[in-house]
Amino acid sequence: MIFVDGLPFSTDSSQERDALVNLLEHPKLVSASNSFEAMQEVKFSASKECALQGRWVYLFQREFATVDPALIDFVGTDEATTCVGLVIRNQRNGMTSVAHMDSTKVVDTGLTQMLSLVVDKNFDVDLDVHLIGGFEDVSPQQANGSTRSKTLAEVDGYSFPLCTKIIETLRKRQEKFHIQTLYVLRHNTRRDSQGNAYPVFNGFLVKTSTGSVIPASFDRTTRCPDEIVRRIRVSVSYEDPTWNAKLLETYDTQNDRFVIAPCSWTLWQEHYALTLQDLSDEEILLQCSSSPSAEGPEFVDNLRRQWDYLTKQPLWNLTFPMRHPRVFEWTADGSWKRCLFSPQDSWNEDGAQTSLQRT
């Protein structure tokens with residue numbers, strides 16, 4: 001069930017796309033979008049002085065994490081173009097779950113995953129919700145000129161169906177969702193002089209103690225731990241039935257550590273990586289992105305680093321020996337330490353053996 005400004009949200013239409021449009025036009029949510037857009041984007045970096053001090057959890061595409069505000073100060077994600085960031089926070093105890101959703105297929109099960117440690121089977125609890133990301137990746141002219149033979153992506157793009165599915169699922173669930181921010185689609189769209197569309201913001205940060213959400217971007221020093229392996233999980237998870245229709249598990253809430261759940265891949269991924277490495281940057285954008293013109297400057301380099309890992313480490317069971325997760329714990333200086341569980345479990349992100357000892 002959805003609430004806006006303390007009141008149940010209802011619409012005369014049973015069509016979920018109409019419900020989404022009505023929410024986008026709701027005065028309370030329009031005001032919230034305007035306020036969000038007026039905020040200064042925080043550029044989050046661990047390599048230099050940053051206005052944000054504390055412990056944080058960073059999420060890549062298709063990942064989620066539920067955090068306790070007594071342990072984690074911030075949760076954030078970025079690099080979103082057609083993806084949508086979803087924040088759900090328990091008003092009573094501050095437990096906060098954040099997901100970077102990239103497909104309609106992960107919404108139903110993904111919401112169940114997110115809520116498992118937030119609602120504690122108490123459907124009467126009030127939950128604050130923020131949706132940020134996605135943009136008008138298909139122009140109104142393209143959509144109006146579409147034919148029935150075109151695919152959903154060609155007609156509606158990627159962002160609109162994803163936002164529609166999230167709203168549909170929230171409406172059908174028993175929990176009480178209070179939508180605080182709906183900064184998606186036209187609210188998160190800017191256009192250049194040629195009319196090309198881009199997201200206004202690609203990321204955000206949640207302050208867990210208050211539940212406040214601000215625009216944010218991150219650099220490579222803060223997208224940790226295990227950056228390359230986690231990026232690879234996003235692209236190869238479709239081959240692993242373990243992750244069918246699920247969000248990727250990343251952070252262990254109860255033990256306050258990163259537990260990068262295992263994912264398997266086939267040797268076809270090595271072949272695919274070798275093939276794509278030979279393409280130009282422009283060809284990579286066209287083949288690997290749902291919104292080539294809207295990607296950030298690091299997009300191609302990040303893909304090339306993943307492919308380099310896969311060519312050096314084509315066997316998934318060397319990355320996840322015996323299908324064990326990759327576990328990282330905080331250190332006193334605020335960095336991450338890999339916990340090794342077996343002599344074989346000693347590989348770094350470049351595919352080379354390390355000298356780390358078992359802990």
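**Strand pairing and a helix crossing**

Q: How do S3 and S14 pair, and over how many bridges?
A: In this predicted model, strand S3 (residues 42-44) and S14 pair in the parallel sense, over three bridges.

Q: Which residue in S14 is the bridge partner of Val 42?
A: Ala 216.

Q: What joins S13 to S14?
A: Four bridges join strand S13 (residues 204-207) to S14, and the two run antiparallel. Val 206 has Val 213 in S14 as its bridge partner.

Q: Which residue in that hairpin takes a positive phi?
A: Gly 211, near 85°. The hairpin of S13 and S14 has four residues between the strands.

Q: How many residues of S14 are buried?
A: Five of seven, so strand S14 (residues 212-218) is mostly covered.

Q: Switching to helices. At what angle do H3 and H6 cross?
A: Roughly 55°, with the axes of helix H3 (residues 107-115) and helix H6 (residues 159-172) coming within 10 Å. That makes H3 oblique to H6. The crossing is right-handed.

Q: Which residues meet there?
A: From H3, Val 107, Asp 108 and Leu 111. From H6, Leu 162, Lys 165, Ile 166, Thr 169 and Leu 170. By class, the contact has five nonpolar, one polar and two charged residues.

Q: Now the open sheet. What is the strand order?
A: S16-S17-S18-S19, with antiparallel pairing.

Q: Which strands stand at the edges?
A: S16 (251-252) and S19 (336-339). Each has a single partner strand, so one side of each is left without a neighbour in the sheet.

Q: And how many bridges join S17 to S18?
A: Three, between residues 257-260 of S17 and residues 326-330 of S18. Val 259 has Val 327 in S18 as its bridge partner.

Technical notes
Residues numbered from 1 in each chain as written. Predicted model: local features only at pLDDT ≥ 70, side-chain atom pairs only at ≥ 80, totals over all residues. Heavy atoms only, no water. Pairing = 2+ DSSP bridges. Axes fitted to C-alpha atoms, helices over the stretch in contact; angles between N-to-C directions. Parallel < 35°, antiparallel > 145°, perpendicular 65-115°, else oblique. Left-handed = near helix turned anticlockwise from the far one by under 90°. Contact = heavy atoms within 4.5 Å. Nonpolar A, V, L, I, M, F, W, Y, C, P; charged D, E, K, R; others polar. Buried < 20%, exposed > 50% of the residue type's maximum accessible area, 1.4 Å probe, protein only.
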